[in-house]
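Subject: Structure for your review

Dear colleague,

Please find below the structure that I am handing over to you. A summary of the findings follows it.

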Amino acid sequence: MDFTYPPEVEAFRAELAAWLEANLPDDLRGEGLGSSMEIEPERLERLRAWNRALADAGYAAIAWPVAYGGRGAGILEQVVYAEEMHRARAPGTLNPLGISNIAPAIMAYGTEEQKLRFLPRMRRGDDIWCQGFSEPDAGSDLASLQTRAEPVGDHFVVNGQKTWNTLGHLANWCELLVRTDPEAPRHRGISCLLVDMTLPGIEVRPLRTITGEREFNEIFFTDVRVPADALLGPLHDGWRVAMTTLTYERGTVANLHLGLRDKIRRLLVEATRRGAADSPSVRLRLAEVYLQGEVLKLLADRAVSGELAGRPMGPESSIAKLVWSDAEQLLGEVAGDVLGPEANTGSWGRERVYMRALSIAGGTTQIQKSIIAQRILGLPRPT
Ligand SMILES: Cc1cc2nc3c(=O)[nH]c(=O)nc-3n(C[C@H](O)[C@H](O)[C@H](O)COP(=O)(O)OP(=O)(O)OC[C@H]3O[C@@H](n4cnc5c(N)ncnc54)[C@H](O)[C@@H]3O)c2cc1C
């Protein structure tokens, strides 16, 4: 399925491509925050300057409504944006989580003061945001979270621990889910706070992952006094606030195939160059992973056409997430077949271990399968 984009979308593509050509410094191509725990302050500031340039040109948060500094971009513009940024190897913003996950919650539930205070600085990368949702005993079952916030006078006093906090080491703000009413049913006693990470009593401890990098963190809260105006949305109704993610970023699923298909193409070239493609078993595996990449592209096209026809993507996004993480992990295995021991070094070496995280982050494989079983196939919940 190939879309003929309307002229205004092609005009947007041309305008963005020309702007990137004129403004993206060569030494930033292919750069990004990545696993940036050990990022040097100088590189962080160069990425921040790039973020500001994107923001000033109207390219930092295109899906946001115009009222909040976005372009109100529809799905086609979002897809084209991702394609052009990918083609130019342009770094994104410093707030991947903030722009797609946290901002929609602030727009939907924030006071005017919160919107004015946080959104412009988030868009320009002046502040960096992290999400404090998961805990050691609350991941897939997020509603069992235990971090406690007790209202005391004009403050909340927060105690507890969060974990797996991407960007927590760089963030100066955190969207934090806390339990404010321990007596209420699990989903009801939760609130959402916008927490200044420099407050006394907050300790961020880095976690080293299987890649040897330090990409995320544990965050400990000990008697942290958070001002009452940090509350986002109604008290005890933070569950609804937290679920307001991806409202303006429907393009995300439609873009998953971009990086994957690039890597598959790179591996096919290597397989041919090294003669590995002469082996029937390797050919079979290469064909299998190639097809998964194409299936993902078709799912993306289906998502786009559904959106255009007024059928917003629902639980189908779980199919795309599942196919994507399976394909990435299969690609890692096939790279081993093609490259032999070399697959354990350099960029393939890193990718091959990093891919393990993809079936956990953003909802595990088992959870995606449950969603597909119940909400798409109509199967009953397990008893
Ligand atoms: C790269 C990465 C970045 C992350 N960034 C953040 C972040 O910024 N902020 C944040 O708050 N969290 C973050 N997370 C955490 C992520 O959301 C959780 O890891 C995820 O929700 C799974 O929770 P868990 O690790 O506690 O595993 P658990 O929920 O304990 O699951 C353990 C195993 O049990 C299975 N399982 C659990 N429940 C069921 C069920 N009902 N049915 C069938 N199987 C089940 C799971 O599939 C899994 O295999 C990140 C994770 C990763 C990998």
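Which domains does the domain assignment of the chain give? The assignment lists domain 1 (7–94), domain 2 (129–242) and domain 3 (251–376). Please keep in mind that the model is predicted.

I begin with two of these domains. The C-alpha centres of domain 1 and domain 3 are 24 Å apart. Contact between the two involves 8 residues of domain 1 and 7 residues of domain 3. On the domain 1 side, the residues in touch with domain 3 comprise 5 nonpolar, 2 polar and 1 charged.

The ligand comes next. It is surrounded by 18 residues, and the closest are Phe-133, Gly-139, Ser-140, Thr-364 and Gln-366. Domain 2 and domain 3 each contribute at least three residues to this shell. By class, the shell holds 8 nonpolar and 10 polar residues, with no charged ones.

Finally, I turn to a pair of helices. Helix 9 (residues 280–308) packs with helix 10 (residues 316–339) at an angle of about 155°, and their axes are 9 Å apart. Angles over 145 degrees count as roughly antiparallel, and helix 9 and helix 10 are therefore roughly antiparallel to each other. Their crossing is left-handed. Among the residues that make the contact are Val-282, Leu-286 and Leu-299 of helix 9, and Ile-319, Trp-324 and Leu-330 of helix 10. By class, this contact of helix 9 with helix 10 has 16 nonpolar, 2 polar and 5 charged residues.

With kind regards

Notes
Residues are numbered from 1 along each chain as its sequence is written. This is a predicted model: local features need pLDDT of at least 70, side-chain atom pairs count only at pLDDT 80 or more; totals for chains, interfaces and linings use all residues. Axes are lines fitted to C-alpha atoms, for helices over the stretch in contact, and angles run from 0 to 180 degrees between N-to-C directions. Helices (H or I, at least four residues) and strands (E, at least two) are DSSP runs, numbered from the N terminus. Angles under 35 degrees count as roughly parallel, over 145 as roughly antiparallel, 65 to 115 as roughly perpendicular and the rest as oblique. A crossing is left-handed if the near helix is turned anticlockwise from the far one by less than a right angle, and right-handed if clockwise. Ala, Val, Leu, Ile, Met, Phe, Trp, Tyr, Cys and Pro count as nonpolar, Asp, Glu, Lys and Arg as charged, and the others, Gly among them, as polar. A residue is near a molecule or strand if its C-beta atom, placed from the backbone, lies within 6 Å of it. Domain bounds come from an automatic or database domain assignment.
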